[in-house]
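Please read this briefing alongside the sequence and the 3D view.

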Amino acid sequence: MYDKKIGRNDPCWCGSQIKYKKCHLFRDKQEPMKHWEINREFNNVNSRKKCSCPDSFNESCTGNVIRAHTVPKTSSLKAISDAGHVLGLKMSYEAIRKNRGRPLLEKIGINHASTFNGFCKYHDDVIFAPLEKESFVASQKQCFLLAYRAFAREYYAIVGAQELSTLRHGADKGKHIEAQFDIQMNNFLYELGNRAAIEDLNYHKSYFDSALENDDFSTARAVIFTFDEAPPVMVCGGTNPDFDFDGNPVQDLMDLMKRTDNLSVTSYYDGEKGIIAFSWLENSDETCCKVMSSLLHKDREEYVPIIIQYMFKNFENVFVSPKWWESESETNRKILMKLFGDNISTNISPNANGITKPLSVYNFPQLRDVITVGSPLSTEP
Ligand SMILES: [Zn+2]
Ligand SMILES: [Zn+2]
C-alpha cells in the first residue's frame with residue numbers, strides 16, 4: 001500500500017508540498033468538514049473586497065470597495081423587476097447544496113442581484129460614468145466599458161475560485177484512501193485548468209488596463225442589438241467561445257498553452273432603449289469576428305431567439321423578469337433551463353446545442369437596430 005512506502009517526512013502524495021505526516025497521514029480519521037465551515041469560507045472568498053482598477057490607478061482608490069452592480073440597478077434591473085425582485089441563480093454554497101447542484105431560478109432583491117465587491121466607490125463612479133450617466137450611443141468607449149465590466153467580474157470570480165483551493169484540498173477529510181485519491185486527482189486537474197485560466201485572464205487584463213491608462217478605446221469592438229424596451233433577460237458575462245453560431249469549433253480551449261479569445265455579453269436598459277451588446281477587444285478579433293459573423297449571416301428573425309438561448313447557455317450571471325418568465329410556456333422554460341444546466345454542469349462535454357438555431361419562439365421586445373462598432377467584421381457569406 002502507498003502509505004507503507006511513503007515516509008512521514010516525505011512530501012505528501014497529493015502534491016500539496018506539505019510533509020505527509022501533516023497532510024494525508026490519518027486523513028481518513030480526520031473530522032470531515034462541516035457544511036457551515038464550507039459555507040463560511042465560500043462566503044468569505046466571494047465577498048472579499050478588491051478594486052479591479054489597473055494597478056497604476058490604485059493611489060486614487062477612495063471610499064470603500066462597494067457592492068458594484070454588473071447590471072445597472074436603477075435603470076436596468078428595476079425595469080424588469082417585480083416588487084423589487086428579479087429571478088436569478090443564487091451562487092452560494094447553501095443554494096447549491098439545497099438544489100443539489102441543479103440550477104434553479106430564485107427570487108433575488110435588485111439590491112443584491114448581479115453585484116460583486118470589485119470596485120471602490122470612486123472607480124465604480126468614474127470609470128463607468130459614460131454608461132451610467134449618458135444614454136447609449138454605441139461609442140467605442142461605451143462598448144469598451146461593457147466588455148470591461150464583464151471582464152472584471154470574471155476575473156474576480158476566477159481569483160476567488162483559486163482562493164478556495166485549501167477548501168477543496170480538505171474535502172477528503174474522513175474519507176477512505178480511494179476516495180482521497182479521486183478527490184485529489186480532481187483537485188489537481190481543476191487547479192491546472194484554473195491556473196491556466198488565470199494566466200489567460202491576466203493576459204487580457206493587460207489589454208483592458210492599458211486602454212484605461214491611455215484613455216484610448218480604439219481596440220474595442222462590438223455588435224449591438226437595440227430593442228424598443230428593456231430586455232427581460234439581463235446578463236453581464238465574459239466567455240471564451242468554443243463554437244460559432246453554425247456549430248463550428250473556433251478555438252481549442254483544452255490547449256492550455258494557447259491564449260484564448262474572450263467575448264463579453266451585456267444587456268441593459270438606458271431608459272430609452274434596450275441593449276444587448278457582444279463586445280471584445282482587438283486581441284480577440286480572430287475568434288470573435290468568426291463567431292459574430294456566423295450570427296449576422298442568419299435570418300434576422302433568428303437573431304433574438306438564438307441570443308436568448310446563448311445567454312442561458314453561456315452565463316450564470318443572468319437575471320430574468322419574473323413577469324416574462326411566467327409569460328413563457330412550460331416548454332420554453334424547460335428548454336432554457338436545460339441550456340442553463342449545460343452551462344453550470346462540469347460533466348457535460350462542450351457542445352453547440354442551442355446556439356445554432358431557434359429552439360422555440362419567445363416573447364421579446366421588438367428588435368430595432370443591429371450596429372457594428374469598430375470591428376473588421378465581414379458580413380459577406
Ligand atoms: Zn496530502
Ligand atoms: Zn479603486
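In what order do the eight strands of the open sheet follow one another? The order is S3-S2-S9-S6-S7-S8-S5-S10, with antiparallel pairing, where two strands pair if DSSP finds at least two bridges between them. This is a predicted model, in which local features need pLDDT of at least 70 and side-chain atom pairs count only at pLDDT 80 or more, while totals for chains, interfaces and linings use all residues; side-chain values use heavy atoms, with hydrogens and water left out. Residues are numbered from 1 along each chain as its sequence is written, and chains are lettered from A and ligands numbered from 1 in the order in which they are written.

**The sheet and its helix**

- Strand S3 (105-109) and strand S10 (367-373) are the edge strands, each pairing on one side only; strands here are DSSP runs (E, at least two residues) and helices are runs of H or I with at least four, both numbered from the N terminus.
- Neighbouring strands of this sheet are turned against each other by 20 degrees on average, direction ignored, with axes taken as lines fitted to C-alpha atoms (for helices over the stretch in contact) and angles running from 0 to 180 degrees between N-to-C directions.
- Helix H6 (residues 140-163) packs on the sheet and touches strand S5 (220-227), strand S6 (233-239), S7, S8 and S10, its direction making about 75 degrees with that of S6; contact means heavy atoms within 4.5 Å.
- Strand S2 (residues 85-89) and strand S9 (residues 318-320) run antiparallel and are joined by two bridges, and glycine 88 stands opposite phenylalanine 319 in S9.

**The zinc ion (ligand 2)**

- Cys51 (SG), Cys61 (SG), Cys120 (SG) and His123 (ND1) are the protein donors here, lying 2.1 to 2.4 Å from the ion.
- This site too is tetrahedral, with angles of 97 to 118 degrees among its four donor atoms, and the spacing of the donor residues in sequence is C-x9-C-x58-C-x2-H.
- Cysteine 51 counts as buried at 7% relative accessibility, whereas cysteine 61 counts as partly exposed at 27%.

**Aspartate 270**

- Aspartate 270 lies in the loop between strand S7 (263-269) and strand S8 (274-281), and counts as buried because its relative accessible area is 17%.
- The side chain of aspartate 270 reaches the backbone nitrogen of phenylalanine 136 at 2.9 Å, and a polar contact of 2.8 Å joins it to the side chain of lysine 273; a polar contact is a pair of N or O atoms within 3.5 Å, of which, within protein, one must be able to donate a hydrogen and the other to accept it, and residues adjacent in sequence count only if both atoms are side-chain atoms.

Key. Buried < 20%, exposed > 50% of the residue type's maximum accessible area, 1.4 Å probe, protein only. Donors = N, O, S within 2.8 Å, 3.2 Å for Na, K, Ca; no water. Tetrahedral: all angles 85-135°; square planar, octahedral: opposite > 155°, others 65-115°.
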